[in-house]
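Dear colleague,

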Amino acid sequence: MRVTQGMMTNSFLHDLFKTNDKFQLLGKQLSSRRRITRPSDDSIGTTRSLRVRGDVSELKQFSKNVDDAKSYLNTVESSLSQIETMYIRLIEIAEGCLNGAMEDTDLKSYSEEAKQLQDELVNVANSSYAGKFIFGGFNTTNAPFKLDDNGNLMYNGIDIINDAGSLNPSDTEVLSYQLADSILFELGFSGVDLMGTGDENLYKILTDFTTELEAGNFENAGQFVGKFKDSQNHILSLESEIGAKQNRLDYMSERYADDSLTLEDRRMNIEDIDMAETISDLKYAQVVYQATLQANAMILQPSLLNYL
């Protein structure tokens with residue numbers, strides 16, 4: 001078969017374009033520091049990259065939820081700590097009322113302080129985080145605890161002391177965060193968990209105590225020392241549960257941080273270039289490109305004038 005000038009030219013152009021494409025691809029990879037600059041560069045790698053990026057995005061959201069949950073629990077813990085401090089003082093007041101050497105003015109001062117603590121208990125029970133009431137059960141948008149015109153404690157519109165039977169299951173729900181595909185993590189406690197119902201309700205016990213003090217029946221304060229200690233222990237048990245939840249969130253936060261590094265390493269292995277290797281390949285491609293030009297310049301020297 002006779003090799004014509006046109007065949008040699010086409011072969012040259014094919015080799016030149018192929019070498020130039022390789023040279024341009026390596027240059028683009030080096031400037032972007034990405035091995036895959038478009039799906040056609042590596043269809044399998046692109047699929048793996050998209051999958052890893054999806055995992056990274058999902059993990060970032062879960063990590064954000066963990067951080068938000070930790071902040072939420074910090075608010076719950078702070079509120080419980082405030083209530084515990086109140087009961088430490090209430091125990092002191094109840095025990096102080098039994099001191100026969102106390103003046104009437106001092107006993108009256110105890111009565112006023114106990115009433116203030118009772119009001120503060122309701123305020124703390126209406127604590128919120130990021131606009132969400134932490135002890136409201138299903139109700140996170142409105143203050144869950146209010147006093148009606150008769151001074152009865154209402155929880156989400158229900159008399160939690162005298163009509164606790166009217167409470168719905170949703171009243172005991174708590175806010176949950178999605179911390180993994182299969183983990184729906186419950187945060188905090190409902191107002192029912194916090195305050196209790198009926199005669200065991202924290203507000204009811206305080207109401208009975210302040211009523212006795214306002215009536216001057218300070219000698220009856222002794223029976224409330226044990227009740228206040230029980231109330232304090234109840235708050236301490238809730239704090240213990242919060243501590244356990246915080247420990248789990250800390251563990252999850254550390255694990256997600258490690259997983260994030262692992263996924264980022266996988267993404268880099270799929271998408272990113274090896275800088276030293278790419279520079280070496282680029283220099284080699286440049287040499288090949290120049291050699292191709294020189295070799296074909298020697299082969300294609302004849303022109304139309306050679307045949308005239």
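In helix α3, Tyr110, Ser111, Ala114, Lys115, Gln118, Leu121 and Val122 meet Leu202, Tyr203, Leu206, Thr207, Phe209, Thr210, Leu213 and Glu214 of helix α5; contact means heavy atoms within 4.5 Å. The residues of this contact comprise 9 nonpolar, 4 polar and 2 charged, where Ala, Val, Leu, Ile, Met, Phe, Trp, Tyr, Cys and Pro count as nonpolar, Asp, Glu, Lys and Arg as charged, and the others, Gly among them, as polar.

The model is predicted: local features need pLDDT of at least 70 and side-chain atom pairs count only at pLDDT 80 or more, while totals for chains, interfaces and linings use all residues. Residues are numbered from 1 along each chain as its sequence is written, and side-chain values use heavy atoms, with hydrogens and water left out. Helices (H or I, at least four residues) and strands (E, at least two) are DSSP runs, numbered from the N terminus.

Helices α3 (residues 104-125) and α5 (residues 202-214) pack at an angle of about 160 degrees, their axes 9 Å apart; axes are lines fitted to C-alpha atoms, for helices over the stretch in contact, and angles run from 0 to 180 degrees between N-to-C directions. The two helices are therefore roughly antiparallel (an angle over 145 degrees).

As to the strands, an open sheet of 3 strands has the order β3-β4-β5 with antiparallel pairing; two strands pair if DSSP finds at least two bridges between them. Strands β3 (145-147) and β5 (158-159) each have a single partner and stand at the edges, so one side of each lacks a neighbour in the sheet. Between β4 (residues 153-155) and β5 there are 2 bridges, and Met154 stands opposite Asp159 in β5.

Asn156 lies in the loop between β4 and β5. Its side chain makes a polar contact with that of Asn139 (2.9 Å), that is, a pair of N or O atoms within 3.5 Å, of which, within protein, one must be able to donate a hydrogen and the other to accept it, and residues adjacent in sequence count only if both atoms are side-chain atoms.

Elsewhere, 4 bridges join β6 (residues 176-180) to the antiparallel β7 (residues 183-186), with a hairpin connecting them through 2 residues.

Yours sincerely

Note on methods
Angles under 35 degrees count as roughly parallel, over 145 as roughly antiparallel, 65 to 115 as roughly perpendicular and the rest as oblique.
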